[in-house]
Amino acid sequence: MTSFLGVLLVPAITVIALTGFISHWAYHPELAGNATIAPGFDIPVLFQFPQSWPSWDYAATQGTHITLGLMTVPLVLAKLWSVIPKLFKWPTVRNLAGMLERLSLLLLVGSVLVEFLTGIFAIEDYSPLGVNFYPVHYYGAWVFGTVFVLHACLKFPVVRRAYRERGALKPLRAGLRETQPEPPGSSELAPVNPADPTISRRGLLAMVGGASLTIFAVQAGQSIGGPFRRLAPMAPRGREFGTGPNDFQVNHTAASAQITPAMTGARWRVTVVGATSVALSRQRLLAMAQATETLTISCTEGWSTTQRWTGVRLVDLARLVGASPGAILRAVSLETVGVNSQASLAAEQWSDQRALLALRVNGAELSPDHGYPARVIVPGAPGLHNTKWVRELRFEAA
Amino acid sequence: MRRAWGLGRFRRRYGASPLHLAGHLVVFAIAAFAIDRIASGAGLAKLIVLYAGLVIAHDLIFLPAYSGLDRAARAALARLPAPQSARVPVINHVRAPALISGLLLIIYAPLISGKADAGYLQASGHHLEGYLRNWLMISVVLFLGSGLIYAVRVRRAVVNARV
């Protein structure tokens, strides 16, 4: 049983870990001000989304990270349940090898619980722990990932032996009447004095699988978007707030960013800096060539939404100030503190023809919560890199 | 020959192969670095409380609690008069919906309880609404569905017994 749950966990954890690292790299942590963790040693960026991919690429990987992560909760809890007798095994440690293995198991269980708990709290905008989410979750993944690989390697022979001796699927096919406990002494987890079984292995797996599927059903709609959003009754962002052009989800409000009408009124200008510099009013921006693009905005919290954005192409603004083609674009917000106050975009991100300084959405003015007077929108970036309430666009030499 | 003897002695002293030791040392080195990186922001004490606290909360509180609940449910069901349907065990038709409903409660607790309301309002511009109602409705559907499957199984058992 434990073997089978372990075998299911390997691909699940692998996909969750890969999509997690892809999200970390999608922030372009190598650019100024983008790193979500304190500067210091980090593994190199191994993958970034090509601009030739559709704008929902990040939405897909991050939706997978969150949805599959939640679906794996029943699997992890069942796995821990299946090995609990080992916690009470006596004597606990016979030699140094046993002691090291115990210590690694403590790290394994601790880090899996920390990863899931911090992740779940983050997607629900709940922060009671008083710790910064990014380093705890990111480096926690290092701890969990490495101990998980070690554990899988150490237990591989155990799994192989269990399958050779008892068959890979045979014990899982038996109904309750045919269900036999593992013979005593056949493995570390075999019960010494088993009670009559009250559920078959097949029944237990069905319950765990049923739980995973239920979680998918009540959660995934917020990542798929469109009409499916309403079909996600438990998803944190499984709602529409109306049918108006601005009634789609936001990741943080103008009020929480302390943006006031005075800051975004007639005196608002966006300063664009390249070889030359120019301050543009909203009127002047609207007088420039307008482009409309259908782009997905996707939050690291796993929800996403696709809308029609209208505004000035970032490449046109770059041309206006004579920015060099390889420059990095630093977008600065009126918002002064926190991760949303600025973001750096790589040259390939802002030179994408679809990348806009958006002024309107779905044919209407941007609402204050969606970044009025102007916001950046680029395909395939984490949502918060689409800086809202922009006050400065600075093309800087790489 | 000499090598094999050395290996044998290592195994007896250490308890496993040298590869086992090497693997653990590499993993502990990476884990120590990662924990140091987290601790530089969050503080080591808080980190230890978080990791150890969660292990203790799961292994010594949560798991014994749901095992105890399961035992209590089985005892309560055993006291019920055994009907014709005794050959279809009822316990798993209680376990399955209880497990799924319980898991949803754990995963979405900050939304269901309203604890996340302040953060949610800042992020989305709206108060938490309807999560408790949705969870209760899903739970009712799960228990009713499970009961319905139970009824079908009992009916089938009765019909088969007559044949």
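Contact here means heavy atoms within 4.5 Å. I kept that in mind for everything below, and I note that this is a predicted model.

**Entry 1: the two chains**

I looked up how many residues take part where chain A meets chain B. The contact takes 70 residues from chain A and 61 residues from chain B.

I then looked up the area. The size of an interface is often given as the accessible area lost when the parts come together. Chain A and chain B bury about 5700 Å² between them. Carbon and sulfur atoms account for 75% of that area. On the chain A side, Glu124(A), Met207(A) and Met234(A) lose the most area to chain B. Together these three give 12% of what that side buries.

Next I checked the polar links. I found one salt bridge across the interface of chain A and chain B. It joins Arg239(A) to Glu129(B), with the closest N and O atoms 4.0 Å apart. I also noted 16 residue pairs in polar contact between chain A and chain B, both residues being at pLDDT 80 or more.

Which helices of chain A supply at least two residues each to the side that touches chain B? They are helix 2, helix 3, helix 4 and helix 6 (201-219). Helix 3 of chain A gives the most to this side, with 16 residues. I sorted the residues of the chain A side by kind and got 47 nonpolar, 18 polar and five charged.

**Entry 2: the two domains of chain A**

I turned to chain A by itself. It is divided into domain 1 (2-227) and domain 2 (270-396). Their C-alpha centres lie 38 Å apart. The contact takes 27 residues from domain 1 of chain A and 27 residues from domain 2 of chain A.

The area buried between domain 1 and domain 2 of chain A is about 2100 Å². Carbon and sulfur atoms give 49% of it. Tyr27(A), Gln51(A) and Ser55(A) supply 30% of the area that domain 1 buries against domain 2, more than any other three residues.

How many salt bridges are there between domain 1 and domain 2 of chain A? The count is zero. I did find 14 residue pairs in polar contact across this interface, both residues being at pLDDT 80 or more.

On the side of domain 1 that touches domain 2, helix 1 (2-26), helix 2 (57-82), helix 3 (96-123) and helix 7 (221-224) of chain A each supply at least two residues. Helix 2 of chain A gives the most to that side, with six residues. The residues of that side divide into 14 nonpolar, 11 polar and two charged.

**Entry 3: Asp125(A)**

I picked out Asp125(A), which sits in the loop between helix 3 and helix 4 (133-166) of chain A. Is Asp125(A) buried or exposed? Asp125(A) counts as buried because its relative accessibility is 12%, and buried means under 20%.

I listed its contacts, not counting residues up to four places away in sequence. In chain A, Asp125(A) touches Arg237(A) and Glu301(A). In chain B, Asp125(A) touches Ala116(B), Gly119(B), Tyr120(B) and Ala123(B).

**Entry 4: His93(B)**

Last I looked at His93(B), which lies in helix 4 (residues 91-107) of chain B. The relative accessibility of His93(B) is 12%, so His93(B) counts as buried. Leaving aside neighbours within four places in sequence, His93(B) is in contact with Ser146(B), Ile149(B), Tyr150(B) and Arg153(B).

Technical notes. Residues numbered from 1 in each chain as written. Chains lettered and ligands numbered in written order. Predicted model: local features only at pLDDT ≥ 70, side-chain atom pairs only at ≥ 80, totals over all residues. Heavy atoms only, no water. Domains from an automatic or database assignment. Buried area = accessible area lost by both parts, 1.4 Å probe. Salt bridge = Lys/Arg side-chain N within 4 Å of Asp/Glu carboxyl O. Polar contact = N/O pair within 3.5 Å; in protein donor to acceptor, adjacent residues only side chain to side chain. Helix = DSSP H or I, 4+ residues; strand = E, 2+ residues; numbered from the N terminus. Nonpolar A, V, L, I, M, F, W, Y, C, P; charged D, E, K, R; others polar. Buried < 20%, exposed > 50% of the residue type's maximum accessible area, 1.4 Å probe, protein only.
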